[in-house]
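Look at the structure first, then read the points below.

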Amino acid sequence: MTTAPREADAITAPVRDAMARALELAGRGPRHGVNPQVGCVLLSPEGDVLAEGWHEGAGTPHAEVAALKALPRPELARGATAVVSLEPCNHHGRTGPCSVALIDAGVSRVVYAIPDPGVRSGDGGERMREAGLDVQQGLLADEAAETIRPWLTAMRLGRPFVTVKWASSLDGRAAAADGSSRWITGPAARADVHRRRADADAILVGTGTLLADDPELTARGADGLLAHQPAPVVVGRREVPATARVHAHPLPLRTFDGLDLHAMLRELFDAEVRSVLVEGGPTLASAFLAAGLADEVLVYLAPTLIGGPMTAVGDLGVESIGEQRRLVFTDLRRLGDDVLLIARPDASAPTKE
């Protein structure tokens, strides 16, 4: 429930600035994991910043508690305003409910951007209202939703946020006629892929790609493995060889036959996977695209021509031009000699649960 602000509690410049700061703080937290990125700023009754906090990952204090702990003196919380990018949670998980922490600290007003869609974690705003706090929602809601779009999508649909990625030549080929594909793109593009792997909870490839390329499915930097590793997932009905390099991954390998992508995603969601990066190959990427299960598409485009039959995407079930799958570009970046195109389905083609 959204409450209309009373005249005395209208959104002031300090509160708006605090919300913009809370969104900036949220971005400091990890994009991977079961918890969202959240930032919090505590303001005095006069609008001065008292303390800040953000969520640093599963098992660590949530943003609101981190901000409360950052206060020079606990009593400064009494009568303060908490400005939070996401509705304070309302359940006991690895940590206690933030709504109760704010109530117990003596905060008098809470302004948050978007409601928590979690069945167990939601309704913190109502709990605080019942305790007598002035609670408002909706400030910079669109910006906040974009900040945690993968997590929000996962929680609203009950499945992980799906990013489908491929690298191709200008003419849309992902490999040469003999199947060789290393390397189409340059080192800057490949480094960007590894950074994105480190932001994902899981990385998916088909058995065709696994048998052809024998990938490690790890996130690597110049100095070796990055701090966070995506869980390796292989999809297909062919057996993973005992000698495959993926067995050396620091996380256990999971395999699925791929016959029911929806069921696979639900199982991964139940295992606390909130984002997956689908890396290949064309058969698996096409299956997710055809099923309407791609929330984001990453295309690393190299200035080269290959020709031949090895296209980056196969049959999508599009029989006429009127059935084409429309996307909206959200970003375009130069990565060395290559270009990264980022797109998502437009509003007329929503992705599915």
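T218 touches H194, R197, L225, Q229, H249 and P250, leaving aside residues up to four places away in sequence; contact means heavy atoms within 4.5 Å. This is a predicted model, in which local features need pLDDT of at least 70 and side-chain atom pairs count only at pLDDT 80 or more, while totals for chains, interfaces and linings use all residues. Residues are numbered from 1 along each chain as its sequence is written, and side-chain values use heavy atoms, with hydrogens and water left out.

**T218**
- T218 sits in the loop between α8 and β8 (220-221); helices (H or I, at least four residues) and strands (E, at least two) are DSSP runs, numbered from the N terminus.
- With a relative accessible area of 3%, T218 is buried (under 20%, using a 1.4 Å probe and protein chains only).
- The side chains of T218 and R220 make a polar contact at 2.8 Å (a pair of N or O atoms within 3.5 Å, one able to donate a hydrogen and the other to accept it; residues adjacent in sequence count only if both atoms are side-chain atoms).

**Helix α10**
- The buried residues of α10 are L284, A285, S286, F288 and L289.
- Among the elements that cover these residues are β6, β7, β10 (231-235), α9 (261-270), β12 and β13 (296-302).
- G292 follows α10 and has a positive phi, near 70°.

Key: Buried means under 20% relative accessible area, exposed over 50%, partly exposed in between (1.4 Å probe, protein chains only).
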